Every structure is written in structure tokens, then in C-alpha cells.
Amino acid sequence: MEKSPNNLSQPSNPAEQGAVNQPQSGDRPSQGTERTNDHYNPAGKPNADTHLPPAPDTVNAKHKFPVLAQPPEAFTGLRLTKPAKTAAGVPAVYKSIAFSWGEAGVGRGTHALLKLNQKDGFDCSSCAWADPDGDRSVAEFCENGAKATASDADTRRADPDFFARHSVVELSHMTDRDLNNTGRLTHPLLLRKGDTHYRQIAWPDAFKLIADELNALDSPDEAVFYTSGKVPNEPAFLYQLFVRQFGTNNLPDCSNMCHESSGSALSPTIGLGKGSVTLNDIHEAEVILIMGQNPGTNHPRMLTALQMAKKNGAKIIAVNPLHETGLDHFKNPQDFMNPIKAVGALLSSGTKISDLYLQVKINGDMAVLRGILKHLLAAEERSPGTVIDHEFIRQYTANYGAFLENIRNTSWEDIEEISGLSRGQLLEAANLIAPRQKIITCWAMGLTQQKNGVMSIQEIVNLHLLKGAIGIPGAGVCPVRGHSNVQGDRTMGIWERPHKAFLDALEKAFNFQPPREHGLDTVESIKAMHEGKIKVFVSLGGNFLSASPDTEFVAECMRKLRMTVFVSTKLNRGHLVTGDLSLILPTLTHLDIDRQASGHQFTSCENSMGVVSINMGVLKPLEGEMKSEVAIIAGIAMATLGSRSMVDWQGFTDNYDRIRDAVARVVPGFDKFNEKIRMPGGFYLPNGPRERNFTTENAKANFTVTEMTRHVLEPGQLVLMTIRSHDQFNTTIYDYNDRYRGVHGERRVIFMNQQDMQERGIGKQQLVNITSHYEGQQRKLEKFIAIPYDIPRGNVAAYYPEANVLVPVASVAYISNTPTSKYVIVTVEPVAQAASNPNGTAQQVTVEA
């Protein structure tokens with residue numbers, strides 16, 4: 001292959017990459033070839049682009065409605081430092097302890113952390129990164145896992161007395177951090193139309209209210225049942241069973257807004273809408289591409305796996321518009337517990353993670369992959385048989401010829417313009433990939449929420465098929481999921497478009513006729529609510545208002561409903577913008593001890609690698625009337641369905657083993673569920689691609705011909721992506737800091753390229769207004785602080801949920817219908833007015849070295 005500007009050494013000998021006793025990716029239970037539930041078929045998927053609802057009045061809504069749907073505009077005190085160069089280390093240890101002890105207390109907090117992600121403990125309620133198959137560290141958690149656990153273990157109580165003191169209007173003027181910090185919800189609560197405060201209600205009365213509203217509907221399809229990815233397998237299975245016995249497939253979930261693009265891309269290409277790798281594969285890989293993902297903040301335990309891969313000789317290519325600290329250097333907090341490693345870890349700069357960093361334009365990842373593929377094909381032509389795995393292609397794949405023609409017909413001019421990268425930069429990446437086959441590509445919402453998200457992931461698959469880099473140890477595709485059980489919920493049947501085989505199994509197991517018509521996904525549910533077609537909204541976990549696109553539009557939808565029901569552990573903004581009748585039903589967390597008639601119960605979760613493991617609570621619940629999710633779902637089901645259901649809902653509540661027995665009869669891969677889940681570390685689900693068994697319609701892994709589209713902007717327009725700060729997980733805000741990016745004490749900021757700021761007359765830390773533009777519509781956010789940052793020209797970034805106001809509900813990724821939170825066309829204008837603090841004084845922005 002031609003030499004790149006900074007050509008690196010040849011791959012190390014794989015036999016030398018690991019210690020003799022290190023688990024290898026082949027040392028795992030047989031994955032089997034049985035088809036699993038997540039065989040996504042995007043055919044006929046609705047496309048929100050074809051239906052353009054009216055734009056909400058985002059500016060005046062906060063004055064028109066006393067209950068705020070958006071976070072308050074008051075600033076909280078910005079302080080800037082230089083972005084960090086190293087992730088984790090001592091600061092992560094300090095923050096983990098501070099959050100844990102501060103919210104849960106020393107004894108309670110320490111006990112929770114020591115059981116977090118342990119084989120006899122509970123599953124982290126934040127990200128779905130995999131746990132080691134073998135021995136685990138005494139501290140098998142990351143900083144953000146510690147924050148999530150501290151929040152769940154909070155000893156503060158948002159009890160009926162608290163709600164008697166604080167009106168809904170008053171609560172809506174609190175920040176999202178302060179809402180979370182009000183403490184654990186302890187009693188069921190009711191808010192009727194015209195009420196100013198939530199008040200306590202008895203559980204039987206709450207169940208009856210829900211049942212009366214549901215049974216009064218003209219059709220079951222007038223209700224929507226949303227699910228958060230935090231919900232474990234057992235309640236998720238019961239939830240979909242209840243909803244389908246009620247008579248609808250309206251089961252939107254958070255997958256619709258995050259990794260739906262992954263399922264849409266993977267199922268028709270490799271036969272399964274999940275990843276094909278294990279944690280040991282990460283350790284064994286020779287090249288790892290990380291695209292559209294910020295592991296240092298969103299999946300910090302992944303850094304330990306990357307550190308192991310680097311130790312074993314792997315080369316890592318990072319593709320991201322922002323330079324993220326976790327992809328730069330990493331200090332493993334575990335090293336500080338080892339006296340031999342502690343001093344070296346403290347004094348060193350940590351492990352260098354990325355060998356090559358490609359700072360791509362937003363929505364340009366597809367062009368990056370196309371350029372790498374062109375380089376690889378050119379190298380194969382010069383040295384036949386050295387780059388491409390022709391035997392794999394011949395034996396396992398289809399559509400190779402059309403793929404080749406598509407790549408060859410792509411011009412370098414288009415690739416460079418769309419990606420923002422040069423041909424030489426892409427050659428560096430190709431040179432790392434060309435001589436190696438153990439290749440893993442990881443991605444997250446930086447890809448899935450692009451306009452071209454599905455096609456970008458299909459291009460990833462094309463790369464792996466070209467190299468034969470799938471179905472062998474150390475190689476494969478790795479969509480990195482967010483919430484702890486978002487993948488498991490889909491496996492359990494939380495999906496608006498269930499397959500016939502799943503419904504047939506459900507019918508046989510429970511002797512009823514499940515609805516066969518497809519239901520509504522998240523975007524289509526929002527539009528149906530706005531049109532008055534939905535009357536009741538039930539949310540099992542989550543914060544639908546803040547997680548969804550187009551915040552003020554969704555708020556309009558919620559206000560039109562007859563009833564809203566929220567099953568939750570803590571207060572969030574979504575509980576405050578409601579229908580005529582609203583209920584908050586308090587539930588247990590992953591770490592609460594759950595005692596039912598047969599004793600201490602446990603649930604299970606499925607991680608990003610397809611491992612199902614035990615989730616056993618370890619802390620005594622706070623004083624109150626919280627119920628488990630299982631008990632709440634069963635209570636609603638019994639009150640609503642009555643004699644129409646032959647399901648033993650009370651039996652399921654008394655003993656969760658009975659739920660697992662039912663799952664075993666319905667869901668492939670869960671045979672002997674109760675036996676396998678009790679094995680230390682859990683068990684792997686069937687995964688055909690892991691064994692080179694591609695259960696697509698043609699039984700082949702399919703190359704895809706994708707269309708690389710140029711999106712032309714008007715003069716002055718920029719492309720915005722929404723991102724997380726370091727002190728948040730999903731919509732939960734733990735604090736106002738984003739220390740890796742050097743932002744402290746404030747969230748109302750927009751990251752901008754310095755030249756873009758100068759062209760618009762925007763000074764450092766100047767106040768700006770942001771306007772999004774879509775199909776002639778405008779949505780506006782006021783009073784954000786502009787921060788110069790290392791981001792490609794023409795691109796900007798801001799935190800969600802604050803910036804969700806700008807994301808049009810109709811702007812979705814092709815095929816998957818996922819909101820395009822990573823591709824929002826905006827203009828940014830300076831404001832003369834100075835920022836002010838909550839007390840009305842001038843905002844003081846300090847900058848530190």
C-alpha cells in the first residue's frame with residue numbers, strides 16, 4: 001500500500017498480544033444460531049419527513065404557559081478552564097466518592113458501590129457497557145456509574161409534604177439538576193386539571209383511575225405506552241404483555257431516539273440488530289475504530305477495555321467532530337488501588353488512546369468510510385490478495401459487485417468536501433486497517449442521530465465484510481448502547497413493530513390474540529398526540545418531554561392528553577407538563593432490595609455484548625410506599641383487564657421466577673432462563689453473526705449500495721449537534737460541570753469554531769440567540785453563551801436537553817425515523833445584552849489556565 005504521511009509500524013504478532021491466562025474471545029459459551037428477537041425489518045417504517053407538523057412558538061411559550069417545558073434561562077455562573085488532556089485519574093476517584101457519600105451517606109454509599117456490577121450485586125443503572133466474564137475488580141464501576149448509583153441511593157425524600165410545599169409552577173422554575181436533587185419519590189401522587197400541587201393518592205385508587213381512563217377509550221390505539229432503557233427484562237416483558245393484551249402495539253421506546261438506526265442498518269446486512277463482539281474481542285482487536293462516540297463521558301468503563309487493547313498492540317482510530325478527552329489519554333483509577341502502579345499512574349500522562357484522530361464534519365462519517373474503502377480497494381489492485389478477504393466475500397456475502405461499482409464511482413472531491421478531511425488523512429486510516437483483519441468498529445449516537453445514520457452504519461458493515469472482519473475473535477461490529485437495558489427491552493418485545501414469530505409465541509404461551517398491526521414509534525406517537533389521536537400516555541421510566549426532540553411541540557402534545565402516567569424513581573421536568581389527569585407512581589431502583597411474597601427478588605439486564613446477568617438489590621428502600629416496577633405493571637393490568645386476562649399477574653408479582661419461565665417460552669435464547677441467570681456472570685444470547693451465521697432473508701451478509709448525499713447550507717448557516725456534559729447521564733443532570741471540556745458552573749453554552757465566531761461578530765463568551773431552520777420553519781433559543789472551541793468550521797455543539805428545542809420533530813434519519821439531533825441547521829446571532837446571574841447581577845465569566 002502507498003505510504004501515508006505518518007505511516008505506523010506493521011501489526012504486532014497476535015500471539016504476543018495477551019498473557020497466557022487472559023480470556024480469549026473464543027473462550028465463551030456457544031452462542032448458537034437461533035434467531036433472536038432483534039431482527040429489525042425497516043420495510044414500511046414511517047418517515048416523519050413526509051408529514052410536517054406546525055412549528056411551536058419556542059420563544060413565547062415560556063411566557064404563555066406558567067409551567068415551563070424548557071429549563072429556566074437564568075445563568076448559574078460560568079467558569080472556563082483549558083480542556084483536559086487525560087480522562088479519569090484522581091479527579092474521577094474524588095468525584096465518585098464525593099457524589100456517593102454526599103447523596104447516599106458514607107455507609108450506604110460505600111456498600112452500594114462495592115456491589116455495583118458485581119456478580120452477586122446489581123447492574124449499573126446508567127450505561128450498558130459489558131462486565132468482565134471472569135474476575136472483577138472490587139471497584140467495577142466508573143465515575144458516571146458512581147453518580148448514577150449515588151442518585152439512586154439518595155436519602156433525600158420528595159414525599160407528599162414536599163409536594164404540598166411546592167407547586168407545579170414553582171417546581172418547573174427549578175433547574176433539572178435541582179429537580180433531581182429533590183430526592184426519591186416515595187408515594188403515589190395525583191394532579192387533576194386545575195390543581196396547583198400534586199397530592200398523595202392510595203395505590204388502589206391510582207390503579208382504578210388508570211383502568212377507568214384506559215377502558216373508556218374508543219380504541220386501545222388511543223393510548224401510548226413508552227419505555228425507558230433503564231427498565232430490566234422482567235418488568236419489560238410484563239409491560240409489553242399487558243399492553244398487547246390491552247390491544248395495541250403502541251410501544252415506543254428510547255431506542256427509537258438512539259440506536260434505531262443501528263438495528264435498521266444491521267439486520268438486513270448481517271441478520272441481527274445487535275453487535276457481534278464480546279468484551280474479550282475488544283482486548284484482542286488489532287484496529288479499533290471509534291466513530292461518533294465519547295466514551296470518556298458516556299461509557300467510561302470502555303476506556304479500561306481500550307487500555308487493554310492498546311497494551312496488546314491495538315491501533316485506535318477516533319472519528320469525531322470534537323476532540324474528546326477520553327479518546328486522548330486515560331488514567332485507569334484501578335491503578336491507584338495497586339501500590340506497584342499507583343506512583344507511576346499518578347506521575348504519568350496516562351495511556352495514549354488514539355493513534356489517529358480524524359476531526360470529521362458533522363454528518364460526514366459516511367464520507368470518511370467511503371474514502372477509507374476507496375484506499376483499500378486501490379491497495380488491493382496494486383497488491384492482489386493482500387488487503388481484501390476474497391474467500392470470505394465469496395462464501396458468505398452478496399451484492400459485492402454493485403458495492404464495488406458504487407465505491408469506484410465516488411469522487412474524491414465529494415469525499416473531502418462532505419467529510420472535511422483530506423485524502424491524505426483518510427490514507428493514514430486506511431494504512432492502519434489494510435494489513436489487519438482483527439478490526440472492531442464502535443459507534444454511538446454521533447452516528448445514529450445523523451440524517452445519514454443508517455447508511456453510515458451500512459458503510460461500516462461494508463468495511464467489515466470487505467476485510468472478513470466479522471465472526472472471528474477480535475473482530476466485528478459494536479454499537480455501544482446507552483441505558484443499562486435498552487437492548488434487553490427490545491429483546492423482551494418492547495417494540496412497536498413486533499415480528500410474527502414473536503407474536504405467535506406470545507399467543508401460544510398466554511392464549512390470547514395479540515394485535516398484529518404495527519404501532520407507533522416515538523416520533524409518530526408525538527405527531528399522533530398533537531393531532532388528538534392519543535388520549536392516554538403511560539411512561540415506564542424516563543423523561544419523555546426532555547428526551548424527545550422539539551421540546552415545546554411535545555409540551556403542546558402532553559397538554560392535550562386526558563391522562564399522563566409516570567412510573568419513576570425521581571422527579572423530572574416531564575412530570576410537570578401533563579394531561580388533564582396526571583399520576584406519578586414511585587418505584588424501586590436497581591439497587592433497592594425488592595421483597596415480595598416468595599422473598600428477595602432479582603431482575604436481569606442485557607448489556608451491549610448480549611450478556612444477560614443478574615440484578616440483585618442490596619440497599620433497604622427508604623421509608624415510603626414505593627412498589628417494584630413488576631408490582632406496578634401487574635396492578636395496572638389487573639385493574640384494567642380484569643376477567644379479560646387469564647394471566648396470573650399476582651403470581652408474577654409474588655415470584656419473578658415465574659416471569660422468567662414465561663420469557664423462556666416466548667423469547668429465543670432464554671431457554672432454562674432461571675437456571676442460566678443464576679450462573680455467576682450470567683449468559684450470552686444467541687448471536688449468529690458472531691459465528692458467521694447470517695440469518696438475513698438470503699442467508700448472506702449483504703454489501704449495501706449507499707447514497708452519499710451533499711446537504712447544501714445557505715450563507716451564514718451552521719450545523720448543530722446536541723451533546724452531553726460530563727455531569728449528566730441521558731436527561732439526568734447531576735451538576736453543571738463538564739470538566740473534560742473545561743466548562744464549569746453552566747449549561748447554557750454553545751461551542752463554536754473561532755473563525756465562525758469572528759465572521760458573525762461574536763466575541764468570546766458573548767451572549768447569542770440560536771435559530772434552527774427546517775423546511776421554512778424556525779425554532780429559536782435565546783441567551784446562550786458562545787465559547788470558542790476546537791470544532792470544524794461550519795459546526796457547533798450545545799448540550800441537550802436544553803438544545804432539543806431546536807430539533808424539529810419531522811427531521812429524522814432516513815429509514816430509522818430517529819430524530820436528527822446530530823444534524824440541525826442553525827444560525828447564531830450575537831446579542832448585545834449581557835448575561836446575568838439568577839440574582840440579577842452581571843454574569844462573571846472567569847477563565848483559568
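Modeller: Gladly, and please keep in mind that this is a predicted model.

Biologist: Which residues have the most contacts inside the largest nonpolar core?
Modeller: That core has 62 residues, and those with the most contacts inside it are Phe-225, Phe-237, Phe-242, Phe-510, Leu-585 and Trp-649. Helix α9, which covers residues 233-246, gives the most to this core, with eight residues. Another core, of 58 residues, lies apart from it, and Ala-367, Val-368, Ala-434 and Ala-469 are among its members.

Biologist: Going back to Phe-237, what does it touch, leaving out residues up to four places away in sequence?
Modeller: Phe-237 touches Met-492, Leu-506, Phe-510, Ile-659, Ala-662, Val-663, Val-666 and Val-667.

Biologist: Let's switch to strands. Is β16 enclosed or open?
Modeller: Strand β16 spans residues 536-540, and five of its five residues are buried, so the strand is largely enclosed by the rest of the structure.

Biologist: Which residues of β16 lie on each side?
Modeller: Val-536, Val-538 and Leu-540 are on one side, while Phe-537 and Ser-539 are on the other, and both faces are covered. As a general point, the side chains of a regular strand alternate between the two faces of the sheet.

Biologist: Which strands pair with β16, and in what sense?
Modeller: Strand β7, residues 223-227, is joined to β16 by five bridges, and the two run parallel. In that pairing, Val-224 has Phe-537 of β16 as its bridge partner. Strand β17, residues 563-568, also pairs with β16 in the parallel sense, over five bridges, and there Val-536 stands opposite Met-563.

Biologist: Last topic, cysteines. How many disulfides does the model have?
Modeller: The count comes to zero disulfides, where a pair of cysteine sulfur atoms would have to lie within 2.5 Å to qualify.

Biologist: And are Cys-557 and Cys-605 buried or exposed?
Modeller: Cys-557 has a relative accessible area of 0% and Cys-605 one of 2%. The cut-off for buried is under 20%, so Cys-557 counts as buried, and Cys-605 is buried as well.

Methods. Residues are numbered from 1 along each chain as its sequence is written. This is a predicted model: local features need pLDDT of at least 70, side-chain atom pairs count only at pLDDT 80 or more; totals for chains, interfaces and linings use all residues. Side-chain values use heavy atoms; hydrogens and water are left out. A nonpolar core is a set of buried Ala, Val, Leu, Ile, Met, Phe, Trp, Tyr and Cys residues joined through side-chain atoms within 4.5 Å. Buried means under 20% relative accessible area, exposed over 50%, partly exposed in between (1.4 Å probe, protein chains only). Helices (H or I, at least four residues) and strands (E, at least two) are DSSP runs, numbered from the N terminus. Contact means heavy atoms within 4.5 Å. Two strands pair if DSSP finds at least two bridges between them.
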